[in-house]
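Here is a short briefing for a first look at this structure.

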Amino acid sequence: MEPGRVQAAHQSLHHLVANAEWSDEAVLAAVRRQVLPAMERHGAIRAWIVDDTGFPKKGMQSVGVARQYCGQLGKQDNCQVAVSLSVANDHASLPLAYRLYLPESWANDPFRRGKAGVPDTVIFETKPRIALAQIRAARDAGVPPAAVLTDAGYGVDTDFRDGITELGLLYVVGIQSSTSVWPPGTAPLPPKRWRGQGRPPSLIRRDPKHQPVSVKELAQALPKRAWRRVTWREGTNTKLASRFAAVRVRPAHRDYNRTTPRPEEWCLIEWPNGETEPTKYWFSTLPADTRLRDLVDLAKLRWRIERDYQELKQELGLGHYEGRGWRGFHHHATLTIAAYGFLISERETIPPSAPRRHPRIEVPALSDGYRPRGSAHSA
């Protein structure tokens with residue numbers, strides 16, 4: 001509209017993203033208030049999904065860049081990593097929170113912090129601690145509660161799982177094959193008997209003959225009847241299905257520092273036909289009467305976060321920000337998520353999802369004497 005002001009408009013937009021003092025949290029809250037009702041018209045929120053995503057970087061000057069695992073590359077390399085929390089149902093999913101992970105090499109470097117504009121309130125935190133803070137903020141904001149889903153990068157963190165439980169939420173979280181558990185019907189030994197001197201023993205214990213097992217060992221010892229084939233959704237070419245088992249166990253990680261055993265929860269295991277060993281494991285605090293099919297369905301709902309990141313990066317430019325500062329990194333992500341939320345809220349107004357808004361146009365009947373122009377019998 002104003003060709004002579006293109007440069008000025010570009011500078012204004014750059015200032016809005018890189019430097020302007022507006023709140024990412026306030027904008028994301030506004031997006032949430034706008035989009036959640038549109039999602040919930042298609043069903044209740046079924047899950048809160050925690051994940052992180054990486055952005056490969058060639059140089060080392062952009063805020064938070066370090067040599068670390070980058071999911072986009074599938075290996076360790078120079079990249080930025082952001083932690084996010086999304087809500088999902090069967091219709092859509094929406095990121096609610098998004099924060100850059102700041103490695104210790106950055107968090108403890110005043111010069112680089114100052115140059116990148118990292119706020120003084122930001123200290124080093126592990127990814128599970130960042131995610132737990134996001135979950136707590138979502139709960140406090142009144143987001144409809146649902147089970148928390150994560151991969152093993154978060155699920156193996158016992159404090160993270162305990163934190164979710166303390167917030168009154170359930171979870172289905174990935175774990176590693178080496179995670180230790182007490183199999184069904186077993187538990188740690190009770191505290192040693194008090195001999196009348198000193199403080200009475202209070203810690204549960206184990207001995208050389210009474211030890212927990214890894215979830216891999218547990219899976220390999222299960223009888224054939226424990227395994228069932230479960231289909232969880234339609235794939236691109238066929239239905240997605242695999243072989244699963246679920247057993248009630250007690251997580252055992254460092255429980256010798258506790259006075260009571262950990263409560264029982266589900267251990268869900270996937271062992272596809274043709275594989276020499278199980279491929280995936282989960283812990284879940286869903287109720288003890290939960291059906292295997294429902295456990296699998298919820299665990300597999302985490303795929304939606306992969307779709308989120310794919311669309312945010314490829315279609316909306318989440319990974320295209322070239323600035324180096326803390327504020328610009330988060331402003332760019334917030335505006336991208338806002339655009340994504342707008343598309344979700346407008347999806348139901350676009351055919352074929354949109355309801356029919358106009359009456360069907362009826363073709364008028366032709367008279368008995370009508371003859372098409374040019375026909376042999378036309379006048």
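Which residue forms a salt bridge with Asp-294? The partner is Arg-291, and the closest N and O atoms are 3.1 Å apart. A salt bridge here is a side-chain nitrogen of Lys or Arg within 4 Å of a carboxyl oxygen of Asp or Glu.

This is a predicted model: local features need pLDDT of at least 70, side-chain atom pairs count only at pLDDT 80 or more, and totals for chains, interfaces and linings use all residues. Residues are numbered from 1 along each chain as its sequence is written, and side-chain values use heavy atoms, leaving out hydrogens and water.

**Salt bridges**

- The count comes to 14 salt bridges.
- Asp-294 is partly exposed, at a relative accessible area of 32%. (Buried means under 20% relative accessible area, exposed over 50%, partly exposed in between, with a 1.4 Å probe and protein chains only.)
- Glu-270 pairs with Lys-300 in a salt bridge, with the closest N and O atoms 2.9 Å apart.
- Glu-270 lies in strand 11 (residues 265–270) and Lys-300 in helix 9 (residues 292–300), so this pair ties together parts that are 30 residues apart in sequence. (Helices, H or I of at least four residues, and strands, E of at least two, are DSSP runs numbered from the N terminus.)
- Glu-270 counts as buried, at 6% relative accessibility. Lys-300 counts as buried, at 12%.
- A network of salt bridges links Arg-46, Asp-90 and Asp-297.

**Helix 5 and its end**

- Helix 5 (residues 127–140) has 14 residues, which should span 20 Å at 1.5 Å a residue. Its end C-alpha atoms are 20 Å apart, which agrees. (The expected span is 1.5 Å times one less than the number of residues.)
- Buried residues of helix 5 include Pro-128, Ile-130, Leu-132 and Ile-135.
- The buried residues of helix 5 pack against several elements, among them strand 1 (47–56), strand 3 (75–88) and helix 7 (158–166). (Contact means heavy atoms within 4.5 Å.)
- Arg-139 forms a salt bridge with Asp-140, the closest N and O atoms being 2.8 Å apart.
- Arg-139 is partly exposed at 35% relative accessibility, while Asp-140 is exposed at 53%.

**Surface patch**

- Leu-13, Leu-16 and Leu-335 make a nonpolar surface patch of about 250 Å². (Patches are made of residues with over 30% relative accessible area and no salt bridge; like charges are joined within 9 Å, and nonpolar side chains (Val, Leu, Ile, Met, Phe, Trp, Tyr) within 5 Å. Accessible areas come from the Shrake-Rupley method with a 1.4 Å probe; for residues, only the protein chains shown count as cover.)
- Leu-13 lies in helix 1 (residues 6–18). Leu-13 counts as exposed, at 51% relative accessibility.
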